[in-house]
Amino acid sequence: MLKPSGRFLLNVWDRIEENEFAEIVVKSVATLFPDNPPMFLARTPHGHYDTASLEAQLRAVGFGAVTTEIVTRESQAPNALSVAIGYCQGTPMKNEIEAHDPDRLAEATDVAAAAITKQFGPGPVSGKIQAHIITALRNS
């Protein structure tokens with residue numbers, strides 16, 4: 001239970017278009033499954049970016065002052081394959097890929113790695129990531 005005048009902090013990823021690696025992975029893997037692409041990343045971690053809606057929901061349940069801060073950073077990895085493995089094999093996106101065809105997980109990872117390499121070059125890679133931090137103060 002949050003105390004009266006307590007502070008509630010919430011963070012959410014911004015839309016996928018503001019997160020370079022995630023967007024490239026989703027778009028490149030979608031080429032393998034054009035009729036029903038794996039959209040976990042766009043739908044779930046990057047699907048709750050509507051801060052106006054989140055702020056309204058917080059006010060509706062009794063929070064007063066609600067503010068949102070945009071935080072932009074660079075995500076770094078030793079190479080494109082590391083990023084591709086992280087997204088394609090280290091998130092629930094893996095389950096979606098395997099639901100389409102379990103034998104294509106390695107191919108999907110390779111396609112994502114190639115797309116990241118094309119955009120950022122070989123070797124260490126750095127891509128924009130962006131999130132929102134929402135602070136809500138509970139009414140007394």
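Which residues does I97 touch, not counting residues up to four places away in sequence? I opened the notebook with this point and found V29, F33, P38, C88, R104, L105 and A108. I record at the outset that the model is predicted.

**Entry 1. The nonpolar cores**

I next looked up the setting of I97. It belongs to the largest nonpolar core, which has 25 residues, and I97 is listed with V25, V29, L41 and I116 as the members that touch the most others. The largest share, six residues, is that of α1. Apart from this core I found another, of seven residues, including V12, F63, V66 and A136. As background, I note that nonpolar side chains in soluble globular proteins tend to be buried together.

**Entry 2. Helix α5**

**Entry 3. Helix α4**

In α4 I listed A80, V83, A84, Y87 and C88 as buried. Their arc around the axis is only 110°, and they therefore sit on the same side of α4. I looked up their packing partners and found α1, α2, α5 and α6, together with the strands β2 and β3. C88, one of these buried residues, is also among the residues that I97 touches. At the start of the helix, I noted that a side-chain oxygen of N79 comes within 3.2 Å of the backbone nitrogen of L81.

**Entry 4. The sheet**

I turned to the strands. Three of them form an open sheet in the order β1-β3-β2, and the pairing is antiparallel. Why is one side of β1 and of β2 left without a neighbour in the sheet? β1 (7-13) and β2 (63-77) stand at the edges, and each has a single partner strand, so one side of each has no neighbour there. From one strand to the next, the twist averages 20°.

I then examined the pairings of β3, which covers residues 125-138. Seven bridges join β1 to β3. Within this pairing, L10 has I134 as its bridge partner, and F8 stands opposite A136. Between β2 and β3 there are 13 bridges, and here A77 stands opposite V125.

**Entry 5. N11 in strand β1**

I looked up N11, which lies in β1. Is N11 buried or exposed? With a relative accessible area of 57%, N11 is exposed. Leaving aside neighbours within four places in sequence, N11 is in contact with H132 and I133. I also took the separation of the C-alpha atoms of N11 and A77, which is 23 Å for two residues 66 apart along the chain.

**Entry 6. Helix α3**

My last entry concerns α3 (residues 51-60), the helix that holds T51. The relative accessibility of T51 is 18%, and T51 therefore counts as buried, the cut-off being under 20%. Leaving aside neighbours within four places in sequence, I found T51 in contact with T68, H132 and I134. H132 is likewise in contact with N11, and I134 is the bridge partner of L10.

The buried residues of α3 are T51, L54, E55 and L58. Seen down the helix axis they fall within an arc of 100°, so they line one face of α3. A52 and A60 are exposed on the other side. I noted β1, β2 and β3 as the elements against which the buried residues of α3 pack.

At its start, a side-chain oxygen of D50 reaches to within 3.3 Å of the backbone nitrogen of A52. After α3 comes G62, with a positive phi near 105°.

Conventions. Residues numbered from 1 in each chain as written. Predicted model: local features only at pLDDT ≥ 70, side-chain atom pairs only at ≥ 80, totals over all residues. Heavy atoms only, no water. Core = buried A, V, L, I, M, F, W, Y, C linked by side-chain atoms within 4.5 Å. Buried < 20%, exposed > 50% of the residue type's maximum accessible area, 1.4 Å probe, protein only. Helix = DSSP H or I, 4+ residues; strand = E, 2+ residues; numbered from the N terminus. Contact = heavy atoms within 4.5 Å. Pairing = 2+ DSSP bridges. Axes fitted to C-alpha atoms, helices over the stretch in contact; angles between N-to-C directions. Arc of directions from axis to C-beta. Polar contact = N/O pair within 3.5 Å; in protein donor to acceptor, adjacent residues only side chain to side chain.
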